[in-house]
Amino acid sequence: MAQVQLKNVVKKYGALGVVHGVNLDIAEGEFVVLVGPSGCGKSTTLRMVAGLEDITGGDIVIGDRVVNDLPPRERNLAMVFQNYALYPHMTVRENLGFSLKIAKKSQPEIDRAVDEAANILSLTPLLDRKPGALSGGQRQRVAMGRAIVRQPEVFLFDEPLSNLDAKLRTQMRVEIKKLHQRVGSTVIYVTHDQIEAMTLADRIVIMRDGHIVQVGTPLQVFENPVNTFVATFIGSPPMNLLDGTVQAGQVVLADGTTIPLPPGLHIADGRRVQFGVRADNIMPEGHALPPTAHMAFVDMAVTLTEPLGTETLLYATLAGTEIQAKMLNPRPVSPGETMRFGVALDKCHIFDADTGLNLRG
Amino acid sequence: MFRAKLPPWLVLLLPAFIIILAVVAIPLILSLYSSFTPYHLTRPDTLWKWTGSFNYIKAASDANFWKAFGRTVLLLTIALNTEMLLGLGLALMVSKVTRGQRALRTAMMFPMMFSPILVGFQFKFIFNDNVGLVNNALQSLGLTDVAIPWLVDGNLAMFAIIFAEVWTSTSVFAILILAGLFAIPQDPLEAAKVDGCTPWQSFRFVTLPFLMPFIYIAMAIRSLDVARAYDIVQVMTNGGPARRTELLWTLIGRTGYVDARMGYANAMGYIAILMSIGFTIYFFLKLQTARRELGMGEM
Ligand SMILES: Nc1ncnc2c1ncn2[C@@H]1O[C@H](COP(=O)(O)OP(=O)(O)OP(=O)(O)O)[C@@H](O)[C@H]1O
Ligand SMILES: [Mg+2]
């Protein structure tokens with residue numbers, strides 16, 4: 001177990017900057033998830049921590065050592081690669097034990113560690129196979145086992161579940177969480193799947209274009225996104241955003257519809273803003289959570305429905321923008337039907353139209 | 001009509017049959033047959049005299065033949081292994097070069113572009129004891145003041161031949177191994193780094209197993225090449241002095257064309273070919289094992 005610190009870390013390929021001064025403190029035993037859209041520099045950041053990529057500027061500290069110039073083997077960490085990176089010429093057993101063999105551990109010691117890891121990951125019947133004879137999910141577990149066996153201070157995961165089907169992914173997510181609870185190592189986990197991020201993380205780090213946009217617990221980033229990027233990236237479906245202008249404590253939308261500002265917000269008249277509301281906070285009357293003290297109501301025509309079982313996702317148009325709303329205790333709704341929707345204002349956000357920043361923040 | 005009676009598949013295959021017959025089968029059968037006769041080039045009627053395995057028994061009990069055989073195997077072993085090691089080193093170095101790598105790869109192939117006969121002449125000159133470059137250089141540097149008889153002393157001559165052979169063909173290994181290096185997936189190498197490998201350990205445990213199939217392919221190709229070595233030796237030493245660099249094929253060539261004893265030469269030729277086939281099978285089995293190790297399946 002060790003803390004990991006990134007201090008103003010910069011990565012450039014020639015003139016092309018890829019990571020622009022990332023600062024991040026990760027506590028001992030913490031599970032941190034890096035999320036962001038494709039190409040935002042997540043893998044690069046992770047690979048710099050691993051030592052597979054030189055850093056152009058800044059410092060990386062693991063434990064209490066600055067590791068900038070240390071090769072990966074001296075950093076005492078384990079990494080699970082996106083495409084497994086197993087050794088194809090070794091059996092599962094040899095794959096799992098390889099790092100210990102390199103570390104010159106005794107054979108009984110290696111066997112014990114390998115058997116234990118195989119047990120945890122249900123790999124025991126596969127120990128004598130080569131990776132070529134394994135399914136994707138099995139390879140993934142071997143990759144994970146290889147990391148566990150080392151008992152490193154820091155685990156690095158680079159989108160380890162992206163090649164699995166939905167069911168296996170859920171299953172492995174639980175396994176990873178259990179693993180972390182058992183061994184308590186520090187974990188840095190990269191994904192672009194926000195559900196993985198929400199379910200696994202102690203803290204989420206949201207990145208865009210080589211910058212950190214927001215750091216916080218899953219609930220913090222869900223409830224208080226710093227800008228429209230985070231608001232639409234975290235949470236599913238993404239937060240609805242409506243363009244409007246502030247007039248006398250209300251947001252006037254493009255077609256003249258007005259919605260009051262969320263309580264406690266005071267914004268000068270004439271300011272152009274975006275009104276943000278999640279599908280969970282805009283529900284049709286009679287199919288909603290009990291109303292709160294701060295409700296507003298709008299009429300919208302439903303264009304499309306997506307029944308999900310316990311709830312139905314409604315697509316409707318408000319002031320020319322398509323938005324998504326949730327309907328509890330669903331009943332059949334025919335397209336074109338106009339319904340009255342309640343908006344829970346205290347859960348809504350106002351973003352500056354130009355900068356995208358959350359004006360509550 | 002007669003033509004109508006031939007089935008179409010036969011008609012279609014006939015040209016191929018005829019060509020194979022003329023080019024491969026007939027010479028093969030003829031030479032195999034002649035190896036069982038005392039066929040002498042200057043006495044055509046000897047071709048019709050069947051002597052059974054006489055030639056083979058004679059070869060098997062001929063000390064010169066076995067010496068040539070042994071020398072060929074020795075040449076093969078030393079040349080192939082040296083070329084493999086040098087080629088591996090060369091390929092590893094070239095693969096690290098980032099600028100001008102294409103030019104280097106092309107330059108690497110230069111030795112292969114010369115006729116072995118010319119290479120033979122070139123090294124014959126280089127190793128000449130009076131006017132040769134090597135002796136001149138050694139003497140100018142003051143390392144020796146006698147003229148070393150490179151192509152006259154048996155061991156030194158063998159060394160000179162191996163040197164020429166290695167000079168010509170190391171690039172075959174280098175190029176094939178380089179192709180292998182380019183084909184290696186990077187992920188396992190990165191995994192090895194994180195797993196704690198030093199560069200040497202990464203090479204030993206990950207890179208090398210990946211390269212083995214390429215090395216065995218090169219070995220198989222080159223073993224055929226070296227086993228039939230003739231030209232360089234013929235030019236540099238003509239099998240001499242006093243047969244001390246005689247290889248299988250220089251011996252066979254001399255027996256067949258100088259002594260005109262074609263039947264005997266053919267018998268030795270078939271033994272030599274069996275040896276080549278033996279080496280090829282050996283390297284192919286190795287290749288298959290190496291491929292299976294990598295989970296690449298059968299060929
Ligand atoms: N060797 C390289 N040379 C130049 N640019 C590179 C190199 N490697 C990565 N990049 C660039 O760096 C940026 C960040 O890449 P990175 O792999 O970190 O993205 P990522 O966030 O992991 O994306 P993904 O979710 O698709 O894996 C990308 O724009 C990529 O094009
Ligand atoms: Mg990536």
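Which hand, left-handed or right-handed, does the crossing of H2(B) and H13(B) have?

Modeller: Happy to walk you through that part. This is a predicted model, in which local features need pLDDT of at least 70, side-chain atom pairs count only at pLDDT 80 or more, and totals for chains, interfaces and linings use all residues. Residues are numbered from 1 along each chain as its sequence is written, chains are lettered from A and ligands numbered from 1 in the order in which they are written, and side-chain values use heavy atoms, leaving out hydrogens and water.

The crossing of H2(B) and H13(B) is left-handed, meaning that the near helix is turned anticlockwise from the far one by less than a right angle (clockwise would be right-handed). Helices here are DSSP runs of H or I with at least four residues, strands are E runs of at least two, and both are numbered from the N terminus. In chain B, H2 covers residues 8–34 and H13 covers residues 262–293; their axes come within 7 Å and cross at roughly 110 degrees. Axes are lines fitted to C-alpha atoms, for helices over the stretch in contact, and angles run from 0 to 180 degrees between N-to-C directions. The angle therefore makes H2(B) roughly perpendicular to H13(B) (65 to 115 degrees; under 35 is roughly parallel, over 145 roughly antiparallel, and the rest oblique). On the H2(B) side, the contact (heavy atoms within 4.5 Å) is made by B:Leu28, B:Ser31, B:Leu32 and B:Ser34, which meet B:Gly263, B:Asn266 and B:Tyr270 of H13(B). By class, this contact has three nonpolar, four polar and no charged residues (Ala, Val, Leu, Ile, Met, Phe, Trp, Tyr, Cys and Pro are nonpolar, Asp, Glu, Lys and Arg charged, and the others, Gly among them, polar).

H13(B) also packs with H12(B), residues 248–258: these axes come within 8 Å and cross at roughly 160 degrees. That makes H12(B) roughly antiparallel to H13(B), and this crossing is left-handed too. The contact includes B:Trp249, B:Ile252 and B:Tyr257 of H12(B), together with B:Tyr264, B:Met268 and B:Ile273 among those of H13(B). Its residues divide into 12 nonpolar, three polar and no charged.

In the loop between H12 and H13 of chain B sits B:Ala260. Although B:Ala260 is not a glycine, its phi is positive, about 65 degrees. B:Ala260 counts as buried because its relative accessibility is 10% (buried is under 20% relative accessible area, exposed over 50%, partly exposed in between, with a 1.4 Å probe and protein chains only).
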